[in-house]
Amino acid sequence: MYLVDLIDTKKGDIISVVGSGGKTTFIYNIAKELIKEKVLISTTTKMLCPTKDEADYFFCLSKGEKINIKNGRTFIAGEKIDDNKVCGDIFKVENYISSFDYVLLESDGSKRKPLKGWNDTEPVIFNRTTKTIGIIPLHIIGEKITYENVHRIEKFNHIFKTNVGDEITLDVMADIIINPNGLFKDSIGEKILFLNRVEDEKSKEMAWKLLEILNRKNKNSLKIIGGSLKRKEYFMLSTGGDLK
């Protein structure tokens with residue numbers, strides 16, 4: 001199945017992607033599915049520069065470049081931080097949004113670690129967002145809470161009442177998803193959960209067990225998608241309503 005169908009993408013959607021373990025890949029995968037349309041890719045925080053395979057056009061606002069809007073994937077950065085990274089400038093990028101069919105924004109950072117704790121200024125979600133996609137990888141279940149696995153580990157342990165060395169259980173993962181200071185903190189629009197790294201029977205079983213816990217803890221469940229962003233394989237786990 002295609003991501004655009006699973007999240008019910010519509011023209012005019014502004015999609016903000018938060019979480020850890022797959023945000024950038026999610027954005028480029030869905031952008032490729034929409035490649036015949038006018039697609040804007042940007043960030044409200046920081047992001048690696050796109051490769052030629054990930055974006056058809058690249059513009060940097062700090063250089064004063066004239067932005068030509070065409071069908072395909074257009075990446076607009078605020079400025080280049082170095083050869084490999086850019087930062088966003090959503091207030092300037094907003095001037096171009098109405099000229100695109102779809103807008104994809106990376107709105108969170110995790111230093112390429114599987115989990116993170118959020119500070120008071122994160123995530124940075126654009127106020128016209130129509131869908132917030134929260135991404136979390138399942139392969140981390142069963143591992144320990146360590147500095148290698150968790151970005152801002154002190155914040156993480158404070159929010160989720162855990163400690164360094166504790167096991168990352170299904171219950172911890174469920175708390176990350178439903179805690180008001182967790183994955184969907186400050187989210188706007190429809191909230192959709194993507195469980196990444198669901199790549200074999202064991203991880204599928206984990207996904208279904210996690211779904212049971214989420215259903216038990218919430219009156220209304222999230223729309224939940226499972227799959228592998230690396231393999232471009234996706235499936236619907238739950239079509240439930242919004243998280244309350």
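1. Basis. The model is predicted, with local features requiring pLDDT of at least 70 and side-chain atom pairs counted only at pLDDT 80 or more, while totals for chains, interfaces and linings use all residues. Residues are numbered from 1 along each chain as its sequence is written, and side-chain values use heavy atoms, leaving out hydrogens and water.

2. The largest pocket. This pocket holds about 1200 Å³ of space. A pocket is an open set of points on a 1 Å grid over the protein atoms alone where a 1.4 Å probe fits, with protein on both sides within 12 Å along at least five of seven lines; lining residues have an atom within 4 Å of a point. Its volume is the space filled by probe spheres set on the points. Of the 39 lining residues, Lys 23, Thr 24, Leu 48, Glu 106 and Arg 112 are the closest to the centre.

3. Make-up of the lining. Two or more residues come from each of α2 (23-33) and β3 (46-48), and α2 contributes the most, with 6 residues. Helices (H or I, at least four residues) and strands (E, at least two) are DSSP runs, numbered from the N terminus. The lining divides into 18 charged, 13 polar and 8 nonpolar residues; Asp, Glu, Lys and Arg count as charged, Ala, Val, Leu, Ile, Met, Phe, Trp, Tyr, Cys and Pro as nonpolar, and the others, Gly among them, as polar.

4. Ile 30. Ile 30 lies in helix α2 and is buried at 0% relative accessibility (buried means under 20% relative accessible area, with a 1.4 Å probe and protein chains only). Leaving aside neighbours within four places in sequence, Ile 30 is in contact (heavy atoms within 4.5 Å) with Leu 3, Val 4, Ile 7, Thr 9 and Leu 104.

5. Lys 185. Lys 185 sits in the loop between α5 (170-178) and β12 (190-196), and is buried with a relative accessible area of 8%. The Lys 185 side chain reaches the backbone oxygen of Asn 119 at 3.3 Å. A polar contact of 3.1 Å joins the side chains of Lys 185 and Asp 186 (a pair of N or O atoms within 3.5 Å, one able to donate a hydrogen and the other to accept it; residues adjacent in sequence count only if both atoms are side-chain atoms).

6. The sheet. Three strands form an open sheet of 3 strands in the order β3-β7-β6, with antiparallel pairing. Strands pair if DSSP finds at least two bridges between them. β3 and β6 (79-80) stand at the edges with a single partner strand each, so one side of each has no neighbour in the sheet. In β7, Cys 87 is the bridge partner of Glu 79.

Notes. Buried < 20%, exposed > 50% of the residue type's maximum accessible area, 1.4 Å probe, protein only.
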